[in-house]
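Good morning. I will go through one protein model today, so please look at the structure on the screen while I talk.

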Amino acid sequence: MMTRTTLAAALALIASIAGASPPEEAEVASRITGSILYREAVALPPDATVHVRLVDTTDPEMPPRLVAEATIPAQGRQAPIPFEIVYKAADIAPAHRYAIRATIVSGSETLFASKARYPVITHGAPVKVDVLVEPPASRAPRPKPTATAAPPERTPQESH
């Protein structure tokens with residue numbers, strides 16, 4: 001006759017052979033680290049906030065799916081601004097593609113945004129990445145229009 005201790009040990013052995021893991025192992029957290037950089041020699045406003053998002057970009061026909069994000073008050077810091085995104089390893093599918101996107105905002109205005117793709121995690125991509133953010137097109141300096149001379153009028157003799 002089995003005692004309770006022996007029965008519990010036997011069940012634990014069967015569970016380990018079957019590949020079951022304790023609940024705390026199922027929620028393993030992983031991290032992506034890096035820095036947010038910008039080329040402009042400007043000081044961020046005191047209320048500036050950095051938003052860094054880990055997104056699933058597998059299906060180019062669909063909007064990227066948010067996996068995890070970090071919000072970092074700039075608090076007077078300037079570039080490079082370090083970041084860390086913590087995500088659940090269980091939320092990552094090895095066959096999918098993931099990327100980091102970043103913005104720096106002040107109030108409701110976007111000051112900087114990443115334009116390039118920054119792949120991470122799968123398909124040999126790193127888990128540490130530096131992300132370049134740039135001013136949005138609406139904030140970029142625009143070339144001044146130049147005056148152009150009007151074409152000369154043709155006389156009826158010239159048009160034949």
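Before going on, some ground rules. This is a predicted model, where local features need pLDDT of at least 70, side-chain atom pairs count only at pLDDT 80 or more, and totals for chains, interfaces and linings use all residues. Residues are numbered from 1 along each chain as its sequence is written, and side-chain values use heavy atoms, with hydrogens and water left out.

Back to the two strands. S5 and S6, the latter being residues 109–114, pair in the antiparallel sense over four bridges; strands count as paired if DSSP finds at least two bridges between them. They form a hairpin with two residues between them, and Gly-107 in the turn has a positive phi of about 65°.

Which other strands pair with S5? Strand S2, residues 49–56, pairs with S5 in the antiparallel sense over eight bridges. There, Thr-49 has Val-105 in S5 as its bridge partner. Strand S7, residues 119–120, is also antiparallel to S5, over two bridges. Tyr-98 stands opposite Val-120 in S7.

Why is S5 largely enclosed by the rest of the structure? Because eight of its nine residues, 98–106, are buried. Buried means under 20% relative accessible area, with a 1.4 Å probe and protein chains only. In the protein, buried residues make up 30% of the 160 residues.

Now the whole chain. The protein has two helices and eight strands; these are DSSP runs numbered from the N terminus, with helices (H or I) of at least four residues and strands (E) of at least two. Along the sequence the pattern is α-α-β-β-β-β-β-β-β-β. Of the contacts with a separation of 6 or more, 65% are between residues 24 or more positions apart, a contact being heavy atoms within 4.5 Å.

Last, confidence. pLDDT is the predictor's confidence in each residue, from 0 to 100. The mean for the protein is 80, and 68% of its residues reach 70 or more. Over residues 4–8 pLDDT stays under 50, and the model has one contact beyond four places in sequence for them. Residues 140–147 are also below 50, and this stretch has one contact in the model beyond near neighbours in sequence.

Methods: Buried < 20%, exposed > 50% of the residue type's maximum accessible area, 1.4 Å probe, protein only.
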